[in-house]
Amino acid sequence: MKVAIDMGATTGSAPATLDLEELLATRLLVQGNSGSGKSHLLRRLLEQSAPWVQQCIIDPEGDFVTLADKFGHVVVDATRTETELTRIAGRIRQHRVSVVLNLEGLDVEQQMRAAAAFLGGMFDADRDFWYPVLVVVDEAQLFAPSVAGEVSDEARKLSLGAMTNLMCRGRKRGLAGVIATQRLAKLAKNVAAEASNFLMGRTFLDIDMARAADLLGMEKRQAEQFRALARGHFGALGPAISRRPMPVTIGAVETSARSTSPKLTPFEAPVDAAELIFTASPEEIVRPVVRRPA
Ligand SMILES: Nc1ncnc2c1ncn2[C@@H]1O[C@H](COP(=O)(O)OP(=O)(O)OP(=O)(O)O)[C@@H](O)[C@H]1O
Ligand SMILES: [Mg+2]
């Protein structure tokens, strides 16, 4: 069945569509610097395809939980044991339930372990349950980093292994990876290379541009165009989108992100500033400090 997902507009007002069935077979990589509009793009894709396909979102910031109200996704809070997460992941395949795995509040190592356990459970589902699922991973460089970071080798191996399985061996099991990253150079090469569709947003650093040019089979000079892209504008290429590079302006979304860009408002420091910051409030004494991803 051919289902065309409306992503927005290409040049003029012609619609830019994604062939969902082709996407399930050929996967998608989205890259763009912070604020280029990747999460908005993923949300557009998820909203438009929700009536057609089961979805699982690996959500490091808890941004996508707002899909639950309108589209019925179940939010899975990742503060559970790895065994529990693996079992839940198996059940979502059996019962074909769309979910958001909310990893907000966990430290990097915990996020990697939880995502690995969950993806592992989906991957290892019984053959009877290999229905198609769109598996969207935002900030994919956290789960498939190109170089060893400060997390333990074990966590990195688990997470990288799960992402590699998703992108390299997921198709037969019905798993279609859609991954987004701020920095292509920080994403493991073998994971990025398994996507045949690309949406490239504003990219500033030379090293990321070189990787983008490499993946798209472009001259580095041609890839320079990504530097000037405005928010919400992407260059698209791939069998599910367009056989030639095509500009896409991502359309509006129906649900809102939980975190939006901060708005500038007139600034005035409170009179008792020093006292406010040096006095602990009762709630914060019981709340642990969370280590954020680098
Ligand atoms: N096509 C668009 N139309 C309207 N608003 C947009 C569009 N794309 C992005 N925005 C808005 O721009 C802001 C930044 O977008 P978004 O959060 O998607 O960026 P991002 O690439 O995911 O950044 P980060 O890497 O920091 O997560 C958001 O407030 C979002 O609502
Ligand atoms: Mg984002």
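Visitor: In β11, which residue is the bridge partner of A9?

Guide: The bridge partner of A9 in β11 is T249. The model is predicted, and local features need pLDDT of at least 70, side-chain atom pairs count only at pLDDT 80 or more, and totals for chains, interfaces and linings use all residues. Residues are numbered from 1 along each chain as its sequence is written, chains are lettered from A and ligands numbered from 1 in the order in which they are written, and side-chain values use heavy atoms, with hydrogens and water left out.

Strands here are DSSP runs of E with at least two residues, and helices are runs of H or I with at least four, numbered from the N terminus. Two strands count as paired if DSSP finds at least two bridges between them. Strand β1 (residues 4-9) meets β11 in the antiparallel sense, over 2 bridges. T249 of β11 also stands opposite H233. Strand β11 (residues 242-250) is joined to β10 by 5 bridges, again running antiparallel, and a hairpin of 3 residues connects β10 to β11. Within this pairing, G235 has P247 of β11 as its bridge partner. G235 in β10 also stands opposite M200. Strand β9 (residues 197-200) pairs with β10 (residues 233-238) over 3 bridges, in the antiparallel sense. In a regular strand, side chains alternate between the two faces of the sheet.

Ligand 1 may be considered next. It is surrounded by 14 residues, the closest being S34, G35, K38, H40 and Q182; a residue counts as near if one of its heavy atoms lies within 4 Å. Helix α2 (residues 38-49) gives the most to this shell, with 3 residues. The shell divides into 1 nonpolar, 10 polar and 3 charged residues, where Gly is counted among the polar ones.

Polar contacts are pairs of N or O atoms within 3.5 Å. An N or O atom in the side chain of K38 is 2.7 Å from an oxygen atom of ligand 1. For S39, a polar side-chain atom lies 2.8 Å from an oxygen atom of the ligand, and for E139 the distance is 3.4 Å. The protein covers 75% of the 630 Å² of accessible area that ligand 1 has on its own, as computed by the Shrake-Rupley method with a 1.4 Å probe.

Technical notes
A polar contact is a pair of N or O atoms within 3.5 Å; within protein, one must be able to donate a hydrogen and the other to accept it, and residues adjacent in sequence count only if both atoms are side-chain atoms.
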